[in-house]
Protein chains: 2
Amino acid sequence: MVVVTAAAAGGSTKVGNVTGRLRRGQTKRAWRRCVILRSMRKESARNAFYAQSGGVSAVINASACGVIETALRSRRIGKVLAGRDGIVGALTEDLIDVGRESRATIRGLKYTPAGAFGSARFKLKGIDENRAEYERLIEVFRAHNIGYFFYNGGNDSMDTALKVSQLGASLGFPITCVGVPKTVDNDLPHTDCCPGFGSVAKYIAVSTREAALDVASMARTSTRVFVLEVMGRHAGWIAAAGGLAGKSPAEAPHIILFPEVPFEQQRFLERVRATVETHGYCVIVASEGVAYADGKFLADAGTRDAFGHTQLGGVAPMLANMVREAHGYKYHWAVADYLQRAARHIGSKVDVEQAYAVGRAAVELALKGVNAVMPIIVRRAQRPYRWSIGHVPLAEVANKEKKVPREYIREDGFGITAPCRRYLEPLIAGEAYPPYRDGLPDYVRIKGVSVRRKLKDEFKL
Amino acid sequence: MVVVTAAAAGGSTKVGNVTGRLRRGQTKRAWRRCVILRSMRKESARNAFYAQSGGVSAVINASACGVIETALRSRRIGKVLAGRDGIVGALTEDLIDVGRESRATIRGLKYTPAGAFGSARFKLKGIDENRAEYERLIEVFRAHNIGYFFYNGGNDSMDTALKVSQLGASLGFPITCVGVPKTVDNDLPHTDCCPGFGSVAKYIAVSTREAALDVASMARTSTRVFVLEVMGRHAGWIAAAGGLAGKSPAEAPHIILFPEVPFEQQRFLERVRATVETHGYCVIVASEGVAYADGKFLADAGTRDAFGHTQLGGVAPMLANMVREAHGYKYHWAVADYLQRAARHIGSKVDVEQAYAVGRAAVELALKGVNAVMPIIVRRAQRPYRWSIGHVPLAEVANKEKKVPREYIREDGFGITAPCRRYLEPLIAGEAYPPYRDGLPDYVRIKGVSVRRKLKDEFKL
């Protein structure tokens, strides 16, 4: 039953928890009736659960915005609940009532980086291996009348989503489950690209161009070699994006090190020397996942400091030191780490739009009753770039990795090819600046009002 | 003598090397006469020399733009010549004819980071110690009729500028010498702030806020401690700017490590643990110059790897490892290095305007015959922030360093105070986005046409 309170003064009016403004010509009574009817329909509808999973990105909240705005508009979805800290929130019955957030906050998610609801690195085991976790999920979902499950993540997360989608068949709890793609690594198969990648690609391309100008201007008397370490442990998409900083092999970055290309120290050092001798300086973009032919990561090469601690640095300091030992060049190095994947201030407009679109599409698919799928980006045309949304079964993306294909890597292994450039360029197109206040991006924070718990027993993770 | 060529078709016309458009109602003949007269006046005027010095910044070219546009407009300055790679260009008679650059390129310097003319880390010794260098400078200046010397740099560079300003008195070559302040470190005395600092401060504040959101969203199951290493070896201004990312001690960054505050390992580790226990995670901004009480840098603490190489990493990996050893928290770290000082894409509007203004003021001072000074930024009002340009004698800034005063550092040594925040906030105000093409900032490059050499002998540096 819905409790109707007296309308508040001054044109704003209230029914239960819902406060609103009258439309032109609408009486308070008509507005209240409208809210009550909607609420009754909503109460009979099943609720939606949304969770963020795995490493976050500059635009995962834009996908959240797409999911939430679309779900809140639907009459067939009741409440929207979010897992606090991803699937962990579902298991521990730690749910956020998204309806308690203001519309401005929800809209602000579109330009706010990282995971506003909290994300988690937590992989569900197989249903047979850990039945207790799935039974717990069902218990929580049943208690909160959850019929839609939207899971925003990468390869591992799509595996979890797939397992949840099978709850109906295996444990008798029907739920419509749609994955929402997200990964800065761009390594999900079937989709043309992954939301999150375009923005990190833009950040790395811009940063490489800027740092290269710095090195170029000082090389005569100072630093000659600069190494920028970027993310992407198994797939070199982010490293490849560094290649957009220059237009020809003569321009920085002069060397890109991909995880897809086995690292050969002598060839690398020779190329560095040749580059410095020709251009006066050398800019290197190195994936954190650069590895020797035997698969051993450079960063895990077993070097230890005087106290026997494992080598502290990453790939960048290791490569820089290698160059200094061999050639004596003065060097600098940078490790962008979280700065790159949180850099919403330089987000790609295309990426933001695609992130929102896959969120919206996920809800639309679920409302059509399509289960166990993930929306994908389909490239329709190259120039001008056009894209649309399709979808694939979760089973076809779960745990699969799309690496940079050989035809995207220059024959010498140190750069990108023209087809790679054509693929990447549209993904960093356009700027989508956040609003600023006092010189800083005015990112939103959710109130994060908890849904009252309905279950008595605690669940130990 | 000026060679007059036939006017080109289509409204654009040409005299010698000068191409221009007719003003409304102006005949081609009148325009040509105007150019010839101007050129004759220019030929009798002495030329200006401009050079960039030391580590570059996101806005040093904006100062170049201020110098060049003002000098080119002046009737009392002949040509504008720039040193290729700073003072090295003067010594080796490697001069760039700035007049050969298009106006669009000159204008574009205002939004292009790093040193477009090349900078150098090259400090002139005292006149008595190395008379040959000064005699060479005079030889080059005399050969190219240089009467104005504009030197764009930091503390060390102002020392060089001071020495050059004394050439008249000590070696009988009169030259008007004005320094143009530039340093991301913000450590020049007398000026309220240094052009270059506002933009790096904005970059660090923005990046800290963004990375902190990332860490916060994953802390429950993943990274709990994040360390961002920033520049500023002797002065902690850049580290202090990280403090703008949050509004209260409860918000990230939770710990700032200044070079001005001796590092105490136990206190630091205790604060990290207390922060993680209270907030779930801990964000640390550390100056590269963090040092123990005995003055020894943490980064130079003598740790060596298995091969006896000096510790490769910087302060960030060292601190992160220290935390892991003590508390076992999962950590991440980033070293922004050149990315921070080249990040024109997130340049501060106030900083860009001040950089341009000190460049323009330098020329105006020189034209008034004021020698051996440096324009400074004077803070006129706090809120709304107002500033103007003053100047001080070079002797008062050369080789002096302005550190972060104790009243700007919180009593516990781990954060900034309200007065520090009030000082910093206006300096990062406003965005000054560069134009973009194909998703990347469309930075300009100079043609860099060399001035024909007039001297026969080479000069060995």
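Two residues are taken to be in contact when heavy atoms lie within 4.5 Å of each other. With that in hand, the structure can be toured; the model is predicted, so local features need pLDDT of at least 70 and side-chain atom pairs pLDDT 80 or more, while totals for chains, interfaces and linings use all residues. Residues are numbered from 1 along each chain as its sequence is written, chains are lettered from A and ligands numbered from 1 in the order in which they are written, and side-chain values use heavy atoms, leaving out hydrogens and water.

Chain A contains 14 helices and 15 strands, defined as DSSP runs numbered from the N terminus (helices H or I, at least four residues; strands E, at least two). Of its 461 residues, 62% are buried, where buried means under 20% relative accessible area, exposed over 50% and partly exposed in between, using a 1.4 Å probe and protein chains only. Among contacts in chain A with a separation of 6 or more, 74% join residues 24 or more positions apart.

Helix α10 of chain A covers residues 265–279, and its end C-alpha atoms are 21 Å apart. The buried residues of α10(A) are F268(A), L269(A), V272(A), T275(A) and V276(A). They lie on the same side of α10(A) because they cover an arc of only 125 degrees around the axis, judged by the directions from the helix axis to the C-beta atoms. An α-helix has 3.6 residues a turn, so residues three or four places apart point the same way. Exposed on the other side of α10(A) are Q266(A), E277(A) and T278(A). The buried residues of α10(A) pack against β8 (225–230), β9 (255–257), β10 (282–287) and α11 (315–327) of chain A. Just after this helix, G280(A) adopts a positive phi of about 90 degrees.

In chain B, helices α10 (residues 265–279) and α11 (residues 315–327) pack at an angle of about 70 degrees, their axes 10 Å apart. α10(B) and α11(B) are therefore roughly perpendicular, a label for angles of 65 to 115 degrees. From α10(B), Q265(B), F268(B), L269(B), V272(B) and R273(B) meet L319(B), M322(B), V323(B), A326(B) and H327(B) of α11(B).

Back in chain A, Q340(A) sits in helix α12 (residues 338–341). Q340(A) counts as buried because its relative accessibility is 1%.

Conventions: The expected span of a helix is 1.5 Å times one less than its number of residues. Axes are lines fitted to C-alpha atoms, for helices over the stretch in contact, and angles run from 0 to 180 degrees between N-to-C directions. Angles under 35 degrees count as roughly parallel, over 145 as roughly antiparallel, 65 to 115 as roughly perpendicular and the rest as oblique.
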